[in-house]
Amino acid sequence: MTRQTLLVAAAGFAVAAALGFGVGRMHPTATAPAPTQAAGRPVLYWYDPMTPAQHFDKPGKSPFMDMQLVPKYAGDAPGQAGVQVDPARVQNLGVRVASAERGRLPSGATAAGVIDFDGRDVAVVQARAAGFVQRVYGRAPGDIVAAGAPLADVLIPEWAGAQGEYLAMRRTGDTALIRAARQRLQLLGMPPALVGAVERSGQVRNTVTVAAPTGGVIKTLMVRNGMTLSAGQTLAEINGLGRVWLNAAVPEALAGQVRVGETVTATLAAYPGQTFAGRVAAILPQAQAESRTLTARVELPNPGGRLRPGMFASLQFGGQSQAALLVPSEAVIRTGKRTLVMLARPGGRFEPAEVRVGGEADGQTEVLAGLSEGEKVVASGQFLLDSEASLSGVQARPIAAAAAPASKAPALYDSVGRIEQISPASVTLSHEPVPAIGWPAMTMQFHLADPALARGLKAGDQVAFSFDQPPAGPTVRRMDKAAAR
């Protein structure tokens, strides 16, 4: 062996010793005895962390993996105390805890959509009688025209004869014949303005200018110079732009939150920082099988024609908020088969709990069952804790076993009334009867649980409020302005 080889080997042994590896310990001959107690707690059983459901009555090597069995002590039984994590490790993991609290969950759904023409604001221009196109005015499909803009001049020979007869009858002075001749002009489809012009000038006008009956965009134009027209032939279609449709693709799961007539706020990439208000005009009856969405037709005013069909928009449906038990959405773990949260217990213990969730909005998720108000849940780092609980065989707390609140929430009573006096600390209300506690209609003073409840309200306002009766006296917990009666 060369000197260089010896030096390399010596350096390798030195590094191994520095890292804590023992030389000559590749094949241990003895196993340290497994503990039978920890801090006075007896061992219940041993288990393999990779197969925690299998229990063993004595220590040794796992028959499944090449590793030693781990003891499970009394007080750490799966499904009872969860997993315990050292406080320093909790800090290193970045675990963040939040409380399950009562609040208001906005029911407004969000969706994306495309601007389209208003299908109800369409004008069809037709030939009133057979004739010939003498002149066109250079229009083309896609042009935006104003109401009354000329489209083409049409020569109608049939009208020339009828107008001549009418003028001849006017010269006779016979009222009955004049009325009959004028009525014939109207039956031939002659516009009243043209009849008036013939009467004023006393001359035959057999060439009529076909004009746009309304302002908008020309969708189709089927008139060309020199062509022959038949009565009733369509010359053009004009779609108004004063109002547009926003066809929004609403996910099927959110369809129940959208109502006809509710307000909508739309934003477009073309106009950053601006919002456009509209309302839901209809929810189309057929769902899109490919995307599992329903189409909500939203009507948007379009002053100035800024909203152009084909533009993409994002919209927020303005549904009414509802009271709910809320947790941060990031705290919810969806496994596919069930939904979990990690409960934070005293002493650095964490326990998975199964929950049933409802709606979600503004980063908050509604909990319908499985959690009580005031319980602490892990909002950051919960996936690592859930993995540790799974490896340790900790069973999730079922929904039916949800812990009751630490203290029973006081009963709330609802009523409506008129504000007589208000301050940040109290409010005097003339309220309606409260049958739940046998109160008649009266005027009385209530404490305000939060000074913010008085914000934006003044004497004379009609309000809907909820209160309880703590030892300090009736206290308003919620108060919102109501419509005047």
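**Accessibility and the model.** Buried means under 20% relative accessible area, exposed means over 50%, and partly exposed lies in between, with a 1.4 Å probe and protein chains only. This is a predicted model, in which local features need pLDDT of at least 70 and side-chain atom pairs count only at pLDDT 80 or more, while totals for chains, interfaces and linings use all residues. Residues are numbered from 1 along each chain as its sequence is written, and side-chain values use heavy atoms, with hydrogens and water left out.

**View 1. A salt bridge between Glu373 and Arg102.** A salt bridge is a side-chain nitrogen of Lys or Arg within 4 Å of a carboxyl oxygen of Asp or Glu. The structure contains 13 salt bridges. In the one shown here, the N to O distance between the side chains of Glu373 and Arg102 is 3.8 Å. The partners come from distant parts of the chain, 271 residues apart: Glu373 belongs to the loop between β26 (364–369) and β27 (376–380), and Arg102 to strand β7 (residues 101–105). Helices (H or I, at least four residues) and strands (E, at least two) are DSSP runs, numbered from the N terminus. Glu373 counts as partly exposed because its relative accessibility is 40%, whereas Arg102, at 57%, counts as exposed.

**View 2. A salt bridge between Arg243 and Asp118.** The side chains of Arg243 and Asp118 meet at 2.8 Å, N to O. Arg243 lies in strand β17 (residues 243–251) and Asp118 in the loop between β8 (110–117) and β9 (122–126), so the pair ties together parts that are 125 residues apart in sequence. Is Asp118 buried or exposed? Asp118 is buried, with a relative accessible area of 0%, while Arg243 is partly exposed at 35%.

**View 3. A salt bridge between Glu375 and Arg397.** The closest N and O atoms of Glu375 and Arg397 are 3.1 Å apart. This pair links the loop between β26 and β27, which holds Glu375, to the loop between α6 (382–391) and β28 (413–422), which holds Arg397; the two residues are 22 residues apart. Glu375 is buried, with a relative accessible area of 10%, and Arg397 also counts as buried, at 6% relative accessibility. Elsewhere, salt bridges that share partners join Arg120, Arg279 and Glu299 into one network.

**View 4. Strand β20 and its partners β17 and β19.** Two strands pair if DSSP finds at least two bridges between them. Strand β20 (residues 293–301) is largely enclosed by the rest of the structure, because 8 of its 9 residues are buried. β17 and β20 run antiparallel and are joined by 9 bridges; here Pro251 has Thr293 in β20 as its bridge partner. β19 and β20 form a hairpin with 4 residues between them, and Arg292 in the turn has a positive phi of about 55 degrees.

**View 5. Strand β31 and its partners β28 and β32.** In strand β31 (residues 462–468), 5 of the 7 residues are buried. β28 and β31 run antiparallel and are joined by 6 bridges, with Ser466 in β31 as the bridge partner of Asp414. Strand β32 (residues 475–481) pairs with β31 in the antiparallel sense over 6 bridges, and Thr475 in β32 is the bridge partner of Asp468. The hairpin of β31 and β32 has 6 residues between the strands, including Gly473, whose phi is positive at about 120 degrees.

**View 6. An open sheet of 4 strands.** The strands follow the order β13-β12-β10-β15, and their pairing is antiparallel. β13 (207–211) and β15 (228–229) stand at the edges with a single partner strand each, so one side of each has no neighbour in the sheet. Strand β10 (residues 131–136) is joined to β15 by 2 bridges, and Gly131 has Leu229 in β15 as its bridge partner.

**View 7. The largest nonpolar core.** A nonpolar core is a set of buried Ala, Val, Leu, Ile, Met, Phe, Trp, Tyr and Cys residues joined through side-chain atoms within 4.5 Å. The largest has 30 residues, and Val125 and Trp159 make the most contacts inside it. Elements that each supply at least two residues of this core include α3 (157–172), α4 (175–187) and β13. Contact means heavy atoms within 4.5 Å. Leaving aside neighbours within four places in sequence, Trp159 touches residues including Arg128, Leu188, Pro191 and Val208. Apart from this core lies another, of 22 residues, among them Tyr271 and Met311.
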